[in-house]
Amino acid sequence: MIAGMWIRSTMAYRVSFVMTALGGAVVTGLDFVAILLMFSRVDSLGGYALPEVALLYGLSATSFGIADLAMGSAGRLGSRVRDGTLDTLLVRPAPVLAQVAADRFALRRLGRITQGLVVLGYALVAVDVHWTPAKVLLLPVMVVCGGVIFSAVFVAGASFQFVAQDASEVQAAFTYGGQTLLQYPPTVFGRELVRGVTFMFPLAFVNWVPAAHVLDRPYPLGLPGWAAFTPPLVAVACWVLAGLAWRAGLRSYRSTGS
Amino acid sequence: MGSARLYAAVAAGGFRRYATYRVATAAGVFTNTVFGLILVYTYLALWDERPHLGGYDQAQAVTFVWLGQALYATLAIQGGGFETDLMERIRSGEIAVDLYRPADLQGWWLANDLGRALFQLLGRGVIPFVFGVLFFPTALPGDVGTWLAFLVTLVLAMVVSFGIRYLVALSGFWLMDGTGALQVLMVTGIFCSGMTLPLNAFPGVLGEAVRLLPWAAQLQVPADVLLGEADPLPGLAFQAVWAVVLLGAGRLVQSAATRRVVVQGG
C-alpha cells in the first residue's frame, strides 16, 4: 500500500518519470557500453568472449535490478536513523522491514531490470551453448535466487546502518560493487577475492557458479559440479542471516529523541 | 585584500563542513578501495590481452585506476558537490538572499567547492591511492618537477569540474527540477572523464572526440602528466582554456539567470 502511494506520487509527473526512468537505464547501461568499448580493443577478457561476458552481465544486472526494485530503498535507512524519522515507521501497524522497502518505492528502477534483460536477451541469442533442459531451467532460477541474494545484501547493509548511521557508502561497496564485480568473469580476479565472494559473501552463486555450468566452463575454485544447483539453498541461507541481522539491528535502535 | 580573506574563509568553511562527516569519509575510503580493486583486476586482464593499450603499460594502467578512485570524490565526477545545495536554493527561492550578499555568487561557490575538493583529496583520496601503490605494481615519477606539475593540473581539474557543475546548477533557474540535469552530469562524468576506461584506450573517432571535451581535463590530463605520458605544458594549457571558457559561460548564464529571478511571497 505504501509502495502504491509512492507509485501514484511519481505518476503525478509523468514526463519527469519517463525522463528519470530512461536516464536510469542510460546510467546503468553505461557500464555495459564500457564492456563493449573494452571488447572493441580485445577479443576476450579473462578467457571469456563477449557473449559470455554479456551473459554474466545480464544475469547480474537483472538480479540486482530485482533486488534494487524491492529493497533499494533500504539504503536510506541511515538517514532515517539520523534524523529520527524511523520512529514514524515503528509506530505503524506494519512490519518495519516492509515499510522500509516500500519507502520512496521507485518504479523508475524498472529501467535497471529492463536494461539487464536486454543484455541477457542479446547474450542468449549470441552465446554458443549446447542447451540441455537443466541449463534452460537454471536460467530463471539464477535470476530469482540472485535477486534474493542481492536483497539479503541490501537488508544486511541496512542493519549495519543502525550502528554506523552515515556509512551508506559501505553498503554501496557491497551492493553496487558486488554487481560490478559479477559483470566480469571470475578468471579476471585474484583467487583471494574470488574465495571471499564465494564463501564469505556468497555473491558468486548469483551467476559465476551456475553460469559455469551453462557455459561448460571450469568452476571457480574447483567447486564440485552440483554446486551450480545450490543457488536456492544459498539464497535461503542469506535471507535467514540477513533477517537475523535486521532483527539485531532493530533491537539496538535508539531514537534520537528529537 | 578584504575579499581574498572572505573567499579564504568560505573555502575553509567548505573544507570543515565535509571534515565533520568522519564516518561517511571512512565509508567512502572503503568504497573507493573496493571499486579500485575490482577495476584493477579488470584492467590487468584487459592489458594482459592487449599490452600497451592506449600507450600505457600495465603498471601505468593500474596507477590510472587508483588515481581515478582518489579523484572520484575530489572532482565530484558523478556529482555530489555544491551543485545540489545551489539547486535547492534556486528551487526554494533562497537564491534571492544570496544575490544580495556582498560577494560574487560564482566566486563564493568556487571558493566553497575548492575547500570541499581539498578535503576530499586529503580525507578520501590519499588512502585508496596509497593502498593501490602498496599492493599493486604502479608507475610513479621519481622527480619533484613532475609531481609539482601534477599538483597544478589537479587545481585546474578542480576548477574545470566546478565550471561544469556550476552550469548544471544554474540550469535550475529554467528547469526547476534538477533531477534530470544531475543525471546527465552523472552519465557524462563517469563516461567522458575516463573513470570507466582511460580515454586514450577509447577506439578511433570516439576517442579523439572525448579527449577534446572538458571532462578530459579532470582525470585524463592529470593522469597523463603524472604518468609522464604527456608534456605538462600542453596539458595545462588545455585545462586552462576549458577553465576560462566554462567560468566565462557560467558568468554569462548567471547574469541571464539573475535577470529572471522573481522573488515570490511577501
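This is a predicted model: local features need pLDDT of at least 70, side-chain atom pairs count only at pLDDT 80 or more; totals for chains, interfaces and linings use all residues.

Residues are numbered from 1 along each chain as its sequence is written, chains are lettered from A and ligands numbered from 1 in the order in which they are written, and side-chain values use heavy atoms, with hydrogens and water left out.

**Interface of chains A and B**

- Chain A contributes 35 residues to the contact and chain B 33, where contact means heavy atoms within 4.5 Å.
- About 2,800 Å² is buried between the two chains, 75% of it on carbon and sulfur atoms; buried area is the accessible area (1.4 Å probe) that two parts lose on being put together, summed over both.
- Six residue pairs, both at pLDDT 80 or more, are in polar contact across the interface (N or O atoms within 3.5 Å; within protein, one must be able to donate a hydrogen and the other to accept it, and residues adjacent in sequence count only if both atoms are side-chain atoms).
- On the side of chain B that touches chain A, H2(B) gives the most, with 15 residues (helices are DSSP runs of H or I, at least four residues, and strands of E, at least two, numbered from the N terminus).

**Helix pair**

- The axes of H9(A) (residues 168-182) and H2(B) (residues 22-49) come within 8 Å and cross at roughly 10° (axes are lines fitted to C-alpha atoms, for helices over the stretch in contact, and angles run from 0 to 180 degrees between N-to-C directions).
- H9(A) is therefore roughly parallel to H2(B) (angles under 35 degrees).
- Residues making this contact include Phe174(A) and Tyr176(A) of H9(A) and Phe30(B) and Phe35(B) of H2(B).

**Salt bridges**

- The count over all chains is 13 salt bridges (a side-chain nitrogen of Lys or Arg within 4 Å of a carboxyl oxygen of Asp or Glu).
- One salt bridge crosses the interface of chain B and chain A.
- Glu169(A) pairs with Arg124(B) in a salt bridge, with the closest N and O atoms 2.9 Å apart.

How values were computed. Angles under 35 degrees count as roughly parallel, over 145 as roughly antiparallel, 65 to 115 as roughly perpendicular and the rest as oblique.
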